[in-house]
Amino acid sequence: MTARQAGRDLDTSRPHSARMYDYFLGGKDHFEVDTDAALVAADAHPGIYVTARENRAFMHRATRVLAQEHGIRQWLDIGTGIPTEPNLHQVAQSVAPDARVVYADNDPLVLKYAERLMRSTTQGRTAYIEADVTHPDALMSAVDASQVLDFDQPIALSLNALMHFITDPHDPYAIVRRLLDSLPAGSALAMNHCTPDFDPVTWNKVAEIYTGSGTPVQFRSHGDVRRFFDGLDLIDPGVCCCHRWRPAAPADGTEPTDAQIGLLAGVAIKR
């Protein structure tokens, strides 16, 4: 599919989670229907803007840790979303210029702006594929066909703010296991996931708003998020609220609360 075809295929009749996320981050790649839905969600939980920023900040920190401390040089980022600089490959290549990244998403709007994801260093490589995580076999076949990643070397699987959009009927745990089964020992899983644990009333309301707008979500407890890492070796500090995973000092000396963020995060290594 070309970018021009993607533009024709955009559905602007109802809000889309990636475009709502772009709005929360202060981006410009969204439509009025997305803004309206985002404002309803923000009315239920004003801290959702902070959640979006902390999600992005976790991706930056996790990428650097995997590159600097674990020698990872390859990433598969699924549920990429609308490009927002610095993108994952820019963070990885700032540590390791030869890093390789494959991005995957099934939103035509992401494809429209995919050229932003292709601005690699000369030593590294990037690629974008259109694929749906609920069809992991087809997704991994497309990744393999891109010939960007070497499946004999460790690969970090990045699933940020994605799996809470995969409800139980799709068997999200089986999807993650299938993806990880394709990766060699020494690979990693880095993910975060919305949870109602810290403020059930507010986050259940946010879930109702997303689901009611046509984007089903399933926010999960700490125990249920921890299950995604079964069989892997979690690195410190384990699964915790997103901003507490290897935190940087807040620029203004303050930090949000767990209830405000409502996002669990963890990084683990495959044996």
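Residues are numbered from 1 along each chain as its sequence is written, and side-chain values use heavy atoms, with hydrogens and water left out. Because the model is predicted, local features require pLDDT of at least 70 and side-chain atom pairs count only at pLDDT 80 or more, whereas totals for chains, interfaces and linings use all residues.

Secondary structure was assigned from DSSP runs (helices, H or I, at least four residues; strands, E, at least two; both numbered from the N terminus). Helix α2 (residues 17-24) packs against helix α4 (residues 48-70) at an angle of about 100 degrees, and the two axes lie 9 Å apart. Axes here are lines fitted to C-alpha atoms, for helices over the stretch in contact, with angles running from 0 to 180 degrees between N-to-C directions. The two helices α2 and α4 are therefore roughly perpendicular, a class that spans 65 to 115 degrees, where angles under 35 degrees are roughly parallel, those over 145 roughly antiparallel and the rest oblique. On the α2 side the contact (heavy atoms within 4.5 Å) involves Y21, Y23 and F24, which meet I48, Y49, A52, N55 and R56 of α4. By class, this contact of α2 with α4 comprises 6 nonpolar, 1 polar and 1 charged residues; Ala, Val, Leu, Ile, Met, Phe, Trp, Tyr, Cys and Pro count as nonpolar, Asp, Glu, Lys and Arg as charged, and the others, Gly among them, as polar.

R56, located in helix α4, is buried at 14% relative accessibility. Beyond its neighbours within four places in sequence, R56 is in contact with Y21, T84, P86 and N87. R56 and N160 are separated by 104 residues in sequence, yet their C-alpha atoms are 8.4 Å apart in space. H45 occupies the loop between α3 (32-44) and α4 and is buried at 6% relative accessibility. With residues up to four places away again excluded, the contacts of H45 are T51, T202, W203, V206, A259 and Q260.

Two further helices bury one face each. In helix α7 (residues 136-146), the buried residues are P136, L139, M140, V143 and S146. Viewed down the axis of α7, these fall within an arc of 115 degrees and so line one face of the helix, the arc being that of the directions from the helix axis to the C-beta atoms. Their cover includes β1 (74-78), β2 (100-105), β3 (125-130) and α8 (172-181). Just after α7, Q147 adopts a positive phi of about 60 degrees. In α8, the buried residues are P172, Y173, I175, V176, L179 and L180; they cover an arc of only 160 degrees around the axis and hence lie on the same side of α8. An α-helix has 3.6 residues a turn, so residues three or four places apart point the same way.

A search of the whole structure for disulfides (pairs of cysteine sulfur atoms within 2.5 Å) returned 0. C194 is in no disulfide, the nearest cysteine sulfur, that of C242, being 9.3 Å away. C194 is buried, at 7% relative accessible area. The sulfur of C241 lies 6.9 Å from the closest cysteine sulfur, in C242, which is too far for a bond; C241 is also buried, at 3% relative accessibility.

Notes:
Buried means under 20% relative accessible area, exposed over 50%, partly exposed in between (1.4 Å probe, protein chains only).
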